[in-house]
Amino acid sequence: MDHDPRTAPAGSAAELVTPELICELARSSPLITVIGDIILDSWMQGHSTRLAREAPVPVVEQGEETLCPGGAANTAMNLASLGARVRLLGVVGDDESGAAVRGLLADANVDVSHVLVSRELTTTKKTRIVVDEHIMLRLDAVGVHELSESERRDLDARLCTAAVAAAADSDALVIADYGGPVHATELPRALAGVEERPLTIVDAHSPEHWRDLHPTVVTPNVHEVEETLHASFRTERHRVTLAQKFAPALRAATNSSALVITLDKDGAVAVDAADTVHVTRADPVPESQASGAGDTFVAGLALALSTGCPLGVAAEFAQLAANVVVHRQGTSLCSTADLLEIVGPDHRLAEEPEPVSAGGHEGGARGRATRLPVSGNRTVLAFGPADPTADGSILEAARSLGTFLVVALPSPSTGSPALHADPRVDVVTPWSPDVAAVVASVRPDVIALDTAKPDCPRPAEIALRFSHLDIEVVDLRRHLQDHGIVKEAR
């Protein structure tokens, strides 16, 4: 490569998740030890055409069952799929579920020699009943964690000994604590006593429980931030801003050097030791499709950080991996091949020979010298531009107003194929007959209007109609004139 993405300046992370970087991370094959709660996920497929006589519930004809490692085991599986050498530490029961999950892990080349088996413990199994592609029910067989004192001491001592030994030769440690057996051990104390501990990532329901480790990175989700800080994200609209606001208090509460707050459909907010903020963008899907995506994110983050990537680049790599699995049903894996298929010659992350400013994309008239300044992390809803050839500057103006561009067209128009393929456009959607419906769906920060189009709403009308919302309204033609670009917008 002409440049090393691991020494890239902040702000260029998205452009640096290239095929070369993906291959380099896979080839590096770091040794990563995952310590955490091991779960067996079951996906039971079924079909239903009628209701039961005894109760108004569907009668489900049972189909095939798919078993997948879950929890810390899913993190380990994803790390192996991305090219890491993986060692897993944890406890399972001496039961069918424990044997199944250990077998699946071993088949994926995950080292399970330090997975302890307890006759007093029941392996947690989560079964999702999927009826005609819809999750109808989740049945949790939660492990029995009330151990005898002698068994608890024995498991605790063996886990702590293995964890301390693993810290000596691992490139990274990942703590995947979901409130199960690992949470009740002396592992925080034991690992805190290791003087030269490697990169340590804590992915825990209660990240403050591991504060004595002074972890390198913690990766809480919204609920875990709220529980840790006794704070509230209030409305979903400003979650990215609130995540940045809560970051200093969260770092103090967890004693972490850096953090990544995951916001599901809103991506993630990464804050490094120098208080540099980087925001990733997710590929939103229904929550029913997001099972295990957080484990994939942590796996991608650990792989990238363990090989020396800056936090912003690592977060982008992790987000890309999570974006792969959310489009698959069930507990899924992301592989190096999956990432290379996305980050190809036509993908925006690999499109530009030189980095552009965050949110900026070349398009339409390639090679045009004039560029508009790009605003911050905002969603833009644009009404009007339908043809990248005729509306090149209008699209450029809309794109410059934020980092995510939704183009709304009057039904039944769907726009030209070139519009859907244009790298500046993220989503194309119909808006008529009701503008309010698409505004409620997109929740934009900016509404941008091509006032030269006769079917485009008027700025004054939009400003008045949505005056109760914190939305900026922009006349794209006037915006171009203000920047001295009018030739293509006539």
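**Figure 1. Overall view of the predicted protein chain.** The protein chain exposes about 21900 Å², of which carbon and sulfur atoms supply 51%; accessible areas come from the Shrake-Rupley method with a 1.4 Å probe, and for residues only the protein chains shown count as cover. The model is predicted: local features need pLDDT of at least 70 and side-chain atom pairs count only at pLDDT 80 or more, whereas totals for chains, interfaces and linings use all residues. Residues are numbered from 1 along each chain as its sequence is written, and side-chain values use heavy atoms, with hydrogens and water left out. The protein chain contains 15 helices and 18 strands, taken as DSSP runs numbered from the N terminus (helices: H or I, at least four residues; strands: E, at least two). Of the 490 residues, 51% are buried (buried: under 20% relative accessible area; exposed: over 50%; partly exposed: in between; 1.4 Å probe, protein chains only). Among contacts between residues at least 6 apart in sequence, 69% join residues at least 24 apart (contact: heavy atoms within 4.5 Å).

**Figure 2. The open sheet β3-β2-β6-β7.** Four strands form this open sheet, in which the pairing is mixed; two strands pair if DSSP finds at least two bridges between them. Strands β3 (58-71) and β7 stand at the edges with a single partner strand each, so one side of each lacks a neighbour in the sheet. On average, neighbouring strands of this sheet are turned by 20 degrees against each other, direction ignored (axes: lines fitted to C-alpha atoms, for helices over the stretch in contact; angles: from 0 to 180 degrees between N-to-C directions). Strands β2 (residues 38-51) and β6 (residues 124-131) run parallel and are joined by eight bridges, with Ser 42 opposite Thr 127 in β6. Helix α2 (residues 72-81) packs on the sheet, where it touches β2 and β3, and its direction makes about 65 degrees with that of β3.

Figure 3. Strand β11 (residues 258-262) runs antiparallel to β12 and is joined to it by four bridges; Ile 261 stands opposite Val 269. The hairpin of β11 and β12 has five residues between the strands, and among them Asp 264 takes a positive phi near 40 degrees. Strand β13 (residues 277-280) also pairs with β12 in the antiparallel sense, over four bridges, and Val 279 in β13 stands opposite Val 269. In the hairpin of β12 and β13, with five residues between them, Asp 275 in the turn has a positive phi of about 65 degrees.

Figure 4. Glu 149 and Arg 153 meet through their side chains in a salt bridge (3.5 Å, N to O), defined as a side-chain nitrogen of Lys or Arg within 4 Å of a carboxyl oxygen of Asp or Glu. These two residues are four apart in helix α4 (residues 149-169), and are therefore separated by about one helical turn. Glu 149, Arg 152, Arg 153 and Asp 156 are linked in a network of salt bridges. The side chains of Asp 154 and Arg 158 form another salt bridge (3.3 Å, N to O); both residues lie in helix α4, four residues apart.
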